[in-house]
Amino acid sequence: MKVRFYSAVLSLALIGTSVSVDATSKEDLLKEQQEVESRLKETERLQNQTSEKLILTKQERKEARAQLNEVNSRLDDLALKIADQQAAVAASKEQLRLTEAAISETLKELHQQEELLGSRLRAVQQKGDVKYIEVLLDAKDFGDLISRFSTVSEIIKQDDHVLQAYKGNVKQLSEQRSEQALLLESMKREQRKLLVLQTRIIAESELKRKLVVQLNTKVKELQQEQFSKAEEAEILADQRRLIQNELIALQEAERKAKEEAKRKAAEAARAAEAKRQAEAAEAARAAEAKKKKSDAPSAEPTIPEVESPTATPEQPADAVTSRPFHLPVQGYVSSPFGPRNNPLTGKPEIHKGIDLVNAKGTPIHAAAGGIVLRAGSATGYGNVVMVTHLIDGQVYTTVYAHLDSISVSAGQTVMPGKTVGTLGTTGWSTGPHLHFELHKGEWAVGQPNAVDPAPYIF
């Protein structure tokens, strides 16, 4: 911010300081300068610490994100394995179903074959099988009989072979069913293991995700802190420049005062010398006249007239000192200075200013003459104007926050009552109002120098 002064006299007059050198004001400014320098160094130190924390936190977040990605990748791979396992279990269940259906069908056929063969055997044993006997009796000769008997025996053997084949098939299918059931159970156990592992990895992923969320929040907080510290450093640097300019103005006024004193001293010396010379000349003339008079006849001495002293007019009584600040805008106080619950968060806090409610767009006026320290946006304040004042050797800072618009610029010198902006609801605000702060000294994050403005303006 570039602060321009039209002249040291104009600058000092506008912010309430007389042209003559005030030692107390200079000492106060030097003290204030030291405090600002100290606070600026501390702010820069804290800003560096915040930057280091931010770098470390970002690195930690990067590692946490990598771990989360790795866990999620494992989870994806496991999901594919579980899907494949579920498909295999489903296929095994289907195969077991088909095997059981085949066993059931084979058993059914086997039971039918056993019943048929049993019936034939019982018929042959008890009374002979009619069909077989008819076949044998229809033989033409002995050779044909032997041939037909062999055929009947072969048929019986074939029936037995079919029966044994069915039994073997049933046994094979039963073994296959047992193997399939064991395989299915093994697949289910493996699937349960995968599901348990999936649950654990999901829990691990959730922990990593929560860690990343926490680190994201921490990064945002550190970024906000870094931004706030940068804002504080910028404002303190501006205040330091203002104080330096005021000290330069005081030094210039002091130099001019010394030159004026030297000039007056020289004029006084010349006047004293001229008076001495005049008195010497007068004394010489008086001596000459006395000498001449002693030679002349004596006469009555004359008595010189003595002027009567004139009465000095009475000095006027000291005027009552008025309050140094004026009300920046008319309106009712919706929230005074002091403890309250934050209207946005509901949490207890100390309100470091007063809230004056009026219509949006209402002009906001400078509470006193001074120099605009900041005109722009700031965290929480929204559109804000800060003005630095020097009154009776004391530095003050006034803050006009949540403005709808700003009509001054940083470095501008303002007179009391100058319009600095219009009332609004920007920043952390719940409705149109002016948040007005008064700081006895410089502004800093946390408002450590904030005082209740009411006694100064009401």
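**Figure 1. Overview of the predicted chain.** Of the contacts in the chain with a separation of 6 or more, 72% are between residues 24 or more positions apart, a contact being a case of heavy atoms within 4.5 Å. The model is predicted, so local features need pLDDT of at least 70 and side-chain atom pairs count only at pLDDT 80 or more, whereas totals for chains, interfaces and linings use all residues. Residues are numbered from 1 along each chain as its sequence is written, and side-chain values use heavy atoms, with hydrogens and water left out. The chain contains five helices and 13 strands; these are DSSP runs numbered from the N terminus, helices being H or I with at least four residues and strands E with at least two. Of its 458 residues, 31% are buried. Buried denotes under 20% relative accessible area, exposed over 50%, and partly exposed the range in between, for a 1.4 Å probe and protein chains only.

**Figure 2. Strand 4 and its two partners.** In a regular strand the side chains alternate between the two faces of the sheet. Strand 4 (residues 354–357) is covered on both faces, with Ile 354 and Leu 356 buried on one side and Asp 355 and Val 357 buried on the other. Strand 4 pairs with strand 1 (residues 332–335) in the antiparallel sense over three bridges; two strands are said to pair if DSSP finds at least two bridges between them. In this pairing Ser 335 stands opposite Asp 355. Strand 12 (residues 434–439) also pairs with strand 4 in the antiparallel sense, over three bridges, and there Leu 434 faces Leu 356 across the pair as its opposite residue.

**Figure 3. The largest pocket.** The largest pocket holds about 880 Å³ of space. Its lining comprises 35 residues, and those closest to the centre are Glu 349, Gly 380, Tyr 381, Trp 428 and Gln 447. On a 1 Å grid over the protein atoms alone, a pocket is an open set of points where a 1.4 Å probe fits, with protein on both sides within 12 Å along at least five of seven lines, and lining residues have an atom within 4 Å of a point. Grid points are joined across faces, edges and corners, and the volume is the space filled by probe spheres set on the points. At least two lining residues come from each of helix 4 (142–295), strand 1, strand 3 (348–351), strand 4 and strand 12. Helix 4 supplies the largest share, four residues. By class, the lining has 12 nonpolar, 17 polar and six charged residues; Ala, Val, Leu, Ile, Met, Phe, Trp, Tyr, Cys and Pro count as nonpolar, Asp, Glu, Lys and Arg as charged, and the others, Gly among them, as polar.

**Figure 4. The open sheet 5-11-9.** Three strands make up this open sheet, in the order 5-11-9 and with antiparallel pairing. Strand 5 (363–365) and strand 9 (405–406) are the edge strands, each with a single partner strand, so one side of each has no neighbour in the sheet. Strand 5 is joined to strand 11 by three bridges, and strand 9 to strand 11 (residues 419–422) by two. Gly 421 in strand 11 is the bridge partner of Ile 364 and also of Ile 406, while Thr 422 is the bridge partner of Ser 405.

**Figure 5. The hairpin of strands 2 and 3.** Strand 2 (residues 338–341) runs antiparallel to strand 3, and four bridges join them. Pro 339 has Ile 350 as its bridge partner. Six residues lie between the strands of this hairpin, in which Gly 346 takes a positive phi near 80°.

Figure 6. Most residues other than glycine have a negative phi. His 402, although not a glycine, has a positive phi of about 65°. His 402 belongs to strand 8 (residues 394–403) and is buried, with a relative accessible area of 6%. Lys 440 lies in the loop between strand 12 and strand 13 (450–451) and is partly exposed, at a relative accessible area of 41%. Leaving aside neighbours within four places in sequence, Lys 440 contacts Gln 394, Val 395, Tyr 396, Asn 449, Val 451 and Tyr 456. Lys 440 and His 389 are 51 residues apart in sequence, with a C-alpha to C-alpha separation of 9.7 Å.
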